[in-house]
Amino acid sequence: MSSALLSTPVPAVAERLAGVAGSPVRELLALLDRPEVISFAGGLPAPELFDLDGVRAAYDRVLWGPHARRALQYAPSEGDRELRARVAARLTARGLLTSGGDLLVTSGSQQGLSLVATALLDPGATVLVEDPTYLAALQCFQLAGARVVPVPTDEHGMDPDALADALRRERPALVYLVPTFANPTGRTMPSHRRAEVVELTARHGVWLVEDDPYADLRYRGAPVPALAAHPGADDHVVYLGSFSKVAAPGLRLGWLRAPSSLLPALTLAKQAADLHTSTVDQAAAAAWFAAADVESHVLRLCSAYRERRDAMVEALPAALPAGSTWTEPDGGMFVWVRLPGDVDTAELLPAALRHDVAFVPGAAFFAGRPDRATLRLSFTAYGPARLAEGMARLAAALS
Ligand SMILES: Cc1ncc(COP(=O)(O)O)c(C=O)c1O
């Protein structure tokens with residue numbers, strides 16, 4: 001190579017990438033591609049519970065049916081009409097009155113977050129989040145050039161008094177919550193607190209983004225109405241949903257439900273992002289909804305995951321050092337653990353990996369000062385026997 005070439009300046013990437021940390025979860029997933037590792041790190045649905053036959057039949061129906069060629073064509077940005085109608089009917093049955101026209105189909109609910117960030121956040125805008133919160137939401141907001149401000153959180157989620165203070169002090173553009181079976185903590189915000197949060201954000205004229213991919217996965221207790229279903233939510237709450245946990249994440253299908261004043265801006269952001277979500281995948285999802293008994297499928301998932309949740313929670317006292325604390329979630333995929341003393345769980349991970357077991361160190365989930373003694377465990381990917389083996393390895397690694 002000539003010296004002239006060696007001195008060629010390297011083109012720069014955009015400055016807004018500078019403040020965005022990589023995802024330790026995705027980096028871990030890459031490291032863990034060894035079959036002997038029992039990984040409680042990724043939030044992966046159990047592949048053996050995918051309705052493979054049903055999904056295959058749905059694609060067959062779409063690609064052999066009279067509209068097969070249309071399923072391979074460009075399509076409207078808002079999404080497949082039948083799919084939106086089915087999602088709307090399910091939301092309405094759960095108490096969130098919705099019509100297909102209130103919805104925009106997204107490429108996973110992760111894209112819903114990106115669209116929200118594009119449509120609602122100017123560089124320097126402030127976003128209030130629970131601390132800890134979903135790490136890829138933090139990335140999304142940081143990429144948009146937003147200032148992410150953590151709000152104190154207890155075992156019931158974001159504290160409304162602290163939120164009221166932060167709304168007055170920070171003048172945010174939006175508040176982001178995962179109020180049901182949160183990632184990473186598994187916690188659920190009770191109904192009375194939801195009402196307070198909806199009322200406070202309405203009063204301050206601030207968008208409220210409710211990210212709700214886990215609501216269907218409830219293993220005990222009664223469902224709690226969505227924030228978006230509370231009185232006063234209609235004008236300012238954006239609700240994000242996903243097919244990833246109920247159908248399969250590889251479909252990359254989600255949706256958002258937004259106030260009519262906001263939907264055009266989000267649709268514009270969607271057009272600029274990818275024109276529309278895959279036509280054939282949307283059509284197959286609609287066909288799956290039409291043919292499969294989705295509610296029975298969800299019950300099957302819940303029954304399997306309940307058993308796994310119980311197996312993990314029962315194994316925790318023996319696996320963790322005395323003085324540890326953990327959440328016992330009513331649903332979702334995650335248990336959030338805090339080890340006693342002044343430990344950094346990132347420093348314990350290599351020992352766990354030597355024992356062929358993995359977790360996610362908690363620090364990356366914090367927008368504020370991280371509590372390094374925390375870690376996240378996901379219980380959905382293995383049956384009880386393998387899960388018990390993983391917990392025994394974790395006990396050996398932490399001892
Ligand atoms: C809170 C939260 N929001 C959004 C997502 C993204 O899900 P999707 O697969 O629908 O993009 C996840 C995935 O784990 C999540 O935990």
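## The ligand and its polar contacts

A polar side-chain atom of Asp211 sits 2.6 Å from a nitrogen atom of the ligand. Keep in mind that this is a predicted model. On the oxygen side, a polar backbone atom of Ser109 lies 2.7 Å from an oxygen atom of the ligand, and a polar side-chain atom of Lys245 is 3.1 Å from an oxygen atom of the ligand. On its own the ligand has 400 Å² of accessible area, and the protein covers 91% of that.

Who else is around? The shell counts 13 residues, and those that come nearest are Ser109, Asp211, Tyr214, Ser242 and Ser244. Sorted by type, the shell has six polar, four nonpolar and three charged residues. Helix α5, residues 108–120, gives the most to this shell, with three residues.

## Salt bridges

How many salt bridges are there? With a 4 Å cut-off between the side-chain nitrogen and the carboxyl oxygen, the count comes to 19. As a general point, side chains of opposite charge can pair when their charged atoms come close.

Take Asp356 and Arg34: they form a salt bridge, and their closest N and O atoms are 3.1 Å apart. Asp356 belongs to the loop between α12 (345–354) and β13 (357–358), while Arg34 belongs to the loop between α2 (24–31) and β1 (38–39), so this pair ties together parts that are 322 residues apart in sequence. Arg34 is partly exposed, at 33% relative accessible area.

Arg220 and Asp330 make another salt bridge, with the closest N and O atoms 2.6 Å apart. Here too the pair links distant parts of the chain, 110 residues apart: Arg220 is in the loop between β8 (207–211) and β9 (237–242), and Asp330 is in the loop between β11 (325–326) and β12 (334–338). Are these two partners buried, exposed or partly exposed? Arg220 is partly exposed at 38% relative accessibility, and Asp330 is partly exposed at 28%.

## A sequence neighbour pair and a network

Asp310 and Arg309 also form a salt bridge, with 3.1 Å between the closest N and O atoms. Asp310 is partly exposed, with 28% relative accessibility, whereas Arg309 is buried, with a relative accessible area of 7%. The cut-off for buried is under 20%, which is why Arg309 at 7% falls on the buried side.

Then there's a network: salt bridges link Arg90, Arg94, Asp216 and Glu295.

## Helix α7

Helix α7 covers residues 160–170, and its buried residues are Pro160, Ala162, Leu163, Ala164, Ala166, Leu167 and Glu170. What do they pack against? The buried residues of α7 pack against the strands β3 (126–130), β4 (147–151), β6 (157–158) and β7 (174–177), as well as helix α8 (191–203). An α-helix has 3.6 residues a turn, so residues three or four places apart point the same way.

Both ends of α7 have a local feature to look at. The N-terminal end is capped by Asp159, which has a side-chain oxygen 3.1 Å from the backbone nitrogen of Asp161. Just after the helix, Arg171 takes a positive phi of about 45°.

## Helix α12

In α12, the buried residues are Thr345, Leu349, Ala351, Ala352 and Leu353. At the start of this helix, a side-chain oxygen of Asp344 comes to within 3.0 Å of the backbone nitrogen of Ala346.

Just after α12 there's a positive phi of about 60°, at Asp356. That is the Asp356 of the salt bridge with Arg34.

Ser39 is in strand β1 and is buried, at 13% relative accessibility. The side chain of Ser39 reaches the backbone nitrogen of Ala41 at 3.1 Å. Leaving out residues up to four places away in sequence, Ser39 touches Leu32, Ala358 and Tyr382.

Val55 is in helix α3, residues 52–64, and is partly exposed with a relative accessible area of 23%. How far apart in space are Val55 and Gly250? Their C-alpha atoms are 12 Å apart, and the two are 195 residues apart in sequence.

Definitions and conventions
Residues are numbered from 1 along each chain as its sequence is written. This is a predicted model: local features need pLDDT of at least 70, side-chain atom pairs count only at pLDDT 80 or more; totals for chains, interfaces and linings use all residues. Side-chain values use heavy atoms; hydrogens and water are left out. A residue is near a molecule or strand if one of its heavy atoms lies within 4 Å of it. A polar contact is a pair of N or O atoms within 3.5 Å; within protein, one must be able to donate a hydrogen and the other to accept it, and residues adjacent in sequence count only if both atoms are side-chain atoms. Accessible areas come from the Shrake-Rupley method with a 1.4 Å probe; for residues, only the protein chains shown count as cover. Helices (H or I, at least four residues) and strands (E, at least two) are DSSP runs, numbered from the N terminus. Ala, Val, Leu, Ile, Met, Phe, Trp, Tyr, Cys and Pro count as nonpolar, Asp, Glu, Lys and Arg as charged, and the others, Gly among them, as polar. Buried means under 20% relative accessible area, exposed over 50%, partly exposed in between (1.4 Å probe, protein chains only). Contact means heavy atoms within 4.5 Å.
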